[in-house]
Amino acid sequence: MTTTPQPSDTAKRTVLIAEDNEVHCRSIQITMEKAGWKASTTGHGRRALEMAVNHRFDLMILDQRLPEVQGTEIVKLLRARSIATPAIMVSSWANMELQKQAKEVGIARVIPSPIKPVALVQIVDRVMQETI
């Protein structure tokens, strides 16, 4: 049985951001924090996997091309452990093949990077509504 974390109404929602481009990572972090999220960041795939296994996040925003472990592989490994945290992939390589791979492992959306803050917040809101 897989479980999807459900934040309480009073708790600040948490997001794991895994992006090796420091500028993009910081931009996503600032956007999510302004939208009321508590953000944890890493630039490495293996560390992102460890963080997602050891902490209960409400959402993950992942780059595909991370050092050590790619974004789709992170989600695949988490799903094998019955961790169903919703995931969004932000990638400058958002082509049809990546869309297919992402869908197969359970990633909710693949969006091109860089993304405008307003668009990111709208997509996050839609993904979170879909997982309730």
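Guide: A residue counts as buried under 20% relative accessible area, exposed over 50% and partly exposed in between (1.4 Å probe, protein chains only). This is a predicted model, in which local features need pLDDT of at least 70, side-chain atom pairs count only at pLDDT 80 or more, and totals for chains, interfaces and linings use all residues. Residues are numbered from 1 along each chain as its sequence is written, and side-chain values use heavy atoms, with hydrogens and water left out.

Visitor: What share of the residues of the chain count as buried?

Guide: Of the 132 residues, 43% are buried by that cut-off.

Visitor: And what is the secondary structure?

Guide: The chain has five helices and five strands. Helices (H or I, at least four residues) and strands (E, at least two) are DSSP runs, numbered from the N terminus. Their order from the N terminus is β-α-β-α-β-α-β-α-β-α.

Visitor: How many of the contacts join residues at least 24 apart?

Guide: The share is 62%, among contacts between residues at least 6 apart in sequence. Contact here means heavy atoms within 4.5 Å.

Visitor: Let's pick a residue. Ser-91: buried or exposed?

Guide: Ser-91 is buried, because its relative accessibility is 0%. Ser-91 lies in strand E4 (residues 87-91).

Visitor: What does Ser-91 touch?

Guide: Leaving out residues up to four places away in sequence, Ser-91 touches Asp-63, Gln-64, Leu-98, Ile-111, Pro-112 and Ser-113.

Visitor: Asp-63 is on that list. How far is its C-alpha from that of Ala-80?

Guide: The two C-alpha atoms are separated by 20 Å, with Asp-63 and Ala-80 17 residues apart along the chain. Ala-80 is in helix H3 (residues 71-80) and counts as exposed because its relative accessible area is 67%.

Visitor: And Gln-29, where is that?

Guide: Gln-29 belongs to helix H1 (residues 22-34). At 15% relative accessibility, Gln-29 is buried. Beyond its neighbours within four places in sequence, Gln-29 contacts Ile-17, Ala-39 and Thr-41.

Visitor: Switching to charges. How many salt bridges?

Guide: The count comes to two. The rule asks for a side-chain nitrogen of Lys or Arg within 4 Å of a carboxyl oxygen of Asp or Glu.

Visitor: Which residue does Arg-47 meet in a salt bridge?

Guide: Arg-47 pairs with Glu-50 at 3.6 Å, N to O. They are separated by about one helical turn, because they are three residues apart in helix H2 (residues 45-54). Glu-50 is partly exposed at 38% relative accessible area, and Arg-47 is partly exposed at 42%.

Visitor: Which residue forms a salt bridge with Arg-109?

Guide: Glu-130 does, and the closest N and O atoms are 2.6 Å apart. This pair links distant parts of the chain, with Arg-109 in strand E5 (residues 109-112) and Glu-130 in helix H5 (residues 117-130), 21 residues apart. Arg-109 is partly exposed at 26% relative accessibility.
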